[in-house]
Amino acid sequence: MAFNWDDSLLLGNAEIDEQHRQLFDHFEKFSLSCQEGQGEEVLKELLMYIDEYSSQHFSYEEAFMAQHEYPKLPEQQLQHAQFRDTVNKLWEMETDNADEHQLSLVVYRKLILWFIQHIKNLDHEMVNHILAQQHN
Ligand SMILES: [Fe+2]
Ligand SMILES: [Fe+2]
């Protein structure tokens, strides 16, 4: 499981890029701990972090899009809300004492890959659109 930051995730908005990079710092720490066989201890911590991070990051992006009257704000809001639902479901799995190894695979597939896809597609399109607007 490799999910290191790579510059293809840079979108050209300093604040959003910095927020995305901070998230990947946490993913990298999680990955290292998994390799050292400490995945279980950090899993809960990672879920807590993602829960708080996503709430703040999505609010920031949504306010930014509203401010620029971005037409695809509803699509972003929907994806953000679906992601928050997934995080809540994972919390339930965690508190139900689900198999930790299974849970870390789910975290990887559902949360980390989701972020990579979301940044490369919807966030990328959004930043491009707003940058183009500002240069007109
Ligand atoms: Fe984002
Ligand atoms: Fe987003």
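**Helix packing and local features**

1. Ile16, His20, Leu23, Phe27 and Cys34 of helix 1 are in contact with Ser104, Ile112, Phe115, Ile119, Asp123 and Val127 of helix 4; contact means that C-beta atoms, placed from the backbone, lie within 7 Å. By class, this contact of helix 1 with helix 4 comprises eight nonpolar, two polar and one charged residues. Ala, Val, Leu, Ile, Met, Phe, Trp, Tyr, Cys and Pro count as nonpolar, Asp, Glu, Lys and Arg as charged, and the others, Gly among them, as polar. Helices are DSSP runs (H or I, at least four residues), numbered from the N terminus.

2. The model is predicted: local features need pLDDT of at least 70 and side-chain atom pairs count only at pLDDT 80 or more, while totals for chains, interfaces and linings use all residues. Residues are numbered from 1 along each chain as its sequence is written, with chains lettered from A and ligands numbered from 1 in the order in which they are written.

3. Helix 1 (residues 14-35) packs on helix 4 (residues 100-134) at about 160 degrees, their axes being 12 Å apart. Axes are lines fitted to C-alpha atoms over the stretch in contact, and angles run from 0 to 180 degrees between N-to-C directions. Helix 1 and helix 4 are therefore roughly antiparallel, the term for angles over 145 degrees.

4. Helix 3 (residues 73-95) packs on helix 4 at an angle of about 170 degrees, with 11 Å between the axes. Helix 3 is thus also roughly antiparallel to helix 4. Residues of helix 3 including Phe83, Leu90 and Met93 meet residues of helix 4, among them Leu111, Trp114 and Met126. This contact has ten nonpolar, four polar and three charged residues.

5. Helix 4 bends by about 40 degrees at His118, the bend being the angle between axes fitted to the seven residues ending there and the seven starting there. The buried residues of helix 4 include Leu111, Phe115, Asp123 and Ile130. Buried means 20 or more other C-beta atoms within 10 Å of the residue's own, exposed 12 or fewer, and partly exposed in between, with C-beta atoms placed from the backbone.

6. Glu69 is found in the loop between helix 2 (39-67) and helix 3. Its phi is near 50 degrees, a positive value in a residue other than glycine. Glu69 is exposed, having 9 other C-beta atoms within 10 Å.

7. Leu10 lies in the segment before helix 1 and counts as partly exposed, with 16 C-beta neighbours inside 10 Å.

Notes
Helix = DSSP H or I, 4+ residues; strand = E, 2+ residues; numbered from the N terminus. Parallel < 35°, antiparallel > 145°, perpendicular 65-115°, else oblique. Contact = placed C-beta atoms within 7 Å.
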